Amino acid sequence: MSDLLWRKLPEAPKPVVSDEISSFQSLSALLWRSVTRARKLPPGKTTTFRMAVNVRHRLSPNLDPLYFGNAIQSIPTYATADDVLSHDLRWCAEQLSKNVKAHDDCKVRQGVKDWEANPQCFPLGNFDGAMVTMGSSPRFPMYDNDFGWGRPLAVRSGKANKFDGKISAFPGRDGGGSVDLEVVLAPETMAGVEGDVEFMEYVTVV
């Protein structure tokens with residue numbers, strides 16, 4: 001992948017950036033707020049929400065949408081627990097949205113350059129007790145897979161790479177823009193989320 005990223009190519013015009021906040025970023029912000037509230041963190045504690053983003057269309061020129069290699073990078077967004085909880089949902093969604101939109105060709109290439117200078121495995125975990133990591137994607141057509149037994153009843157991702165604060169997203173089985181979330185939290189945090197009025201207004205527990 002690095003050869004493809006670093007060969008000399010003409011500069012492409014920068015894409016127009018819209019002010020729109022996606023529904024998935026709003027959902028992520030809802031989780032960020034609910035998990036932060038349930039963890040009962042000190043107001044000044046820095047929280048982190050990580051999102052995996054597809055970089056195929058962020059490079060200039062773009063990678064083919066069907067490029068099979070690993071073309072994702074993880075974008076962290078930081079805010080104190082007080083900022084996450086004292087502002088409204090829109091504010092939290094805007095922080096995530098701004099970070100995603102700012103992750104352009106230059107930042108993608110800088111990430112590759114930094115990794116080449118200091119290669120290491122990507123660290124997974126909740127190292128300071130205030131991290132949330134969103135993985136997978138609601139764009140993967142998981143429920144379209146039929147191995148001869150009919151449409152799947154549920155999608156689960158197994159035990160690998162699981163830790164407190166790990167969330168996996170899949171398109172909802174019922175369609176209509178719904179999203180299935182697989183959420184891994186410490187028992188006391190999960191209990192807090194399940195009792196969170198703001199969060200439970202928008203979700204169904206299965």
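1. A salt bridge here is a side-chain nitrogen of Lys or Arg within 4 Å of a carboxyl oxygen of Asp or Glu. By that rule, Glu198 forms a salt bridge with Arg37, the closest N and O atoms being 3.4 Å apart. Glu198 lies in helix 7 and Arg37 in helix 2, so the pair ties together parts that are 161 residues apart in sequence. Helices (H or I, at least four residues) and strands (E, at least two) are DSSP runs, numbered from the N terminus.

2. This is a predicted model, in which local features need pLDDT of at least 70 and side-chain atom pairs count only at pLDDT 80 or more, while totals for chains, interfaces and linings use all residues. Residues are numbered from 1 along each chain as its sequence is written, and side-chain values use heavy atoms, with hydrogens and water left out.

3. On the overall fold: the protein has 7 helices and 5 strands. Read from the N terminus, the elements run α-α-β-β-α-α-α-β-β-β-α-α. The radius of gyration is 18 Å, close to the 17 Å that the globule rule gives for 206 residues, so the protein is as compact as a globular protein of that length. That radius is taken over C-alpha atoms, and the globule rule is 2.2 Å times the number of residues to the power 0.38. The C-alpha trace spans about 55 × 50 × 35 Å along its principal axes.

4. Of the 206 residues, 37% count as buried, where buried means under 20% relative accessible area, exposed over 50%, and partly exposed in between (1.4 Å probe, protein chains only). Contact means heavy atoms within 4.5 Å. Among contacts with a separation of 6 or more, 70% are between residues 24 or more positions apart.

5. Helix 2 (residues 23-39) deserves a separate look. Its 17 residues reach 24 Å from the first C-alpha to the last, close to the 24 Å expected at 1.5 Å a residue; the expected span is 1.5 Å times one less than the number of residues. Lys40 follows helix 2 and has a positive phi, near 55°.

6. Side chains of opposite charge can pair when their charged atoms come close. The count in this model comes to 7 salt bridges. One of them joins the side chains of Arg33 and Glu198, at 3.2 Å from N to O. Arg33 lies in helix 2 and Glu198 in helix 7 (residues 197-200), so this pair ties together parts that are 165 residues apart in sequence. Arg33 is buried, with a relative accessible area of 7%, whereas Glu198 is partly exposed at 21%. Arg37 is partly exposed as well, with a relative accessible area of 31%. Arg33, Arg37, Asp196 and Glu198 are linked in a network of salt bridges.

7. A further salt bridge joins the side chains of Glu182 and Lys162 (3.8 Å, N to O). Glu182 lies in strand 5 (residues 179-184) and Lys162 in the loop between strand 3 (131-136) and strand 4 (166-171), so the pair ties together parts that are 20 residues apart in sequence. Glu182 is buried, with a relative accessible area of 15%; Lys162 counts as partly exposed at 26%.

8. Cys92 has its place in helix 4 (residues 89-102). Cys92 is buried, with a relative accessible area of 0%. Leaving aside neighbours within four places in sequence, Cys92 is in contact with Ala29, Trp32, Arg33 and Val84. From Cys92 to Leu30 the separation is 62 residues in sequence and 8.1 Å in space, C-alpha to C-alpha.

9. Ser168 lies in strand 4 and counts as buried at 4% relative accessibility. Its side chain makes a polar contact with the side chain of Lys166 (3.2 Å). A polar contact is a pair of N or O atoms within 3.5 Å; within protein, one must be able to donate a hydrogen and the other to accept it, and residues adjacent in sequence count only if both atoms are side-chain atoms. Apart from neighbours within four places in sequence, Ser168 is in contact with Gly135, Ser136, Ser157, Asp180, Leu181 and Glu182.
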